[in-house]
Amino acid sequence: MIVMAFATTGSTMTSNIIGEGHPDSVIPLLKRIMKFCYMIVLSCVAMFCIFPTIFIRLFTNIPDLIAGTVPAMLVMCISYLLSPAASILFQAVHTTI
């Protein structure tokens, strides 16, 4: 949800900047939005990677399920590292079409 919020904000601001006649300011804007998004996402991913069992225990107390879920959660965290840039850039391109 956080990444999509930043992507939607980037989309809106890209439209505004292009509408104002400043298309050369789009790339610096998107870089700034990605930087803010990565600050939040990296802090969440770091917590999930350092303490995966604590977050999994919020949903279950079954030891076998917890042990089986940790590797999947780490793979998911790795995918979250690509998500901000991909979502923000996709929405920006989608806006300009």
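Predicted model: local features only at pLDDT ≥ 70, side-chain atom pairs only at ≥ 80, totals over all residues.

Reader: How many residues has H1, and what distance does it reach from its first C-alpha to its last?

Author: H1 has 19 residues and reaches 27 Å, close to the 27 Å expected at 1.5 Å a residue.

Reader: Which residues of H1 are buried?

Author: The general idea comes first. An α-helix has 3.6 residues a turn, so residues three or four places apart point the same way. In this case the buried residues of H1 are Val-3, Phe-6, Ala-7, Gly-10, Ser-11, Thr-14 and Ile-17. They cover an arc of only 145° around the axis, and therefore lie on the same side of H1. The face turned away from this buried side carries the exposed residues Gly-19 and Glu-20.

Reader: Against which helices do the buried residues of H1 pack?

Author: They pack against H2 and H5. The buried residues of H2, in turn, pack against H1, H4 and H5; among them are Leu-29, Ile-33 and Val-41.

Reader: How should I read a pair of aromatic rings?

Author: One considers the distance between the centres and the angle between the planes; planes over 60 degrees apart count as edge-to-face. Phe-48 and Phe-55 are 4.6 Å apart, centre to centre, with 85° between the planes, and form an edge-to-face pair. Phe-48 is partly exposed, with a relative accessible area of 25%, and Phe-55 is partly exposed at 22%.

How values were computed
Residues numbered from 1 in each chain as written. Heavy atoms only, no water. Phe/Tyr/Trp six-rings, centres within 6.5 Å; stacked < 30°, edge-to-face > 60°. Buried < 20%, exposed > 50% of the residue type's maximum accessible area, 1.4 Å probe, protein only. Helix = DSSP H or I, 4+ residues; strand = E, 2+ residues; numbered from the N terminus. Contact = heavy atoms within 4.5 Å. Expected span 1.5 Å × (residues − 1). Arc of directions from axis to C-beta.
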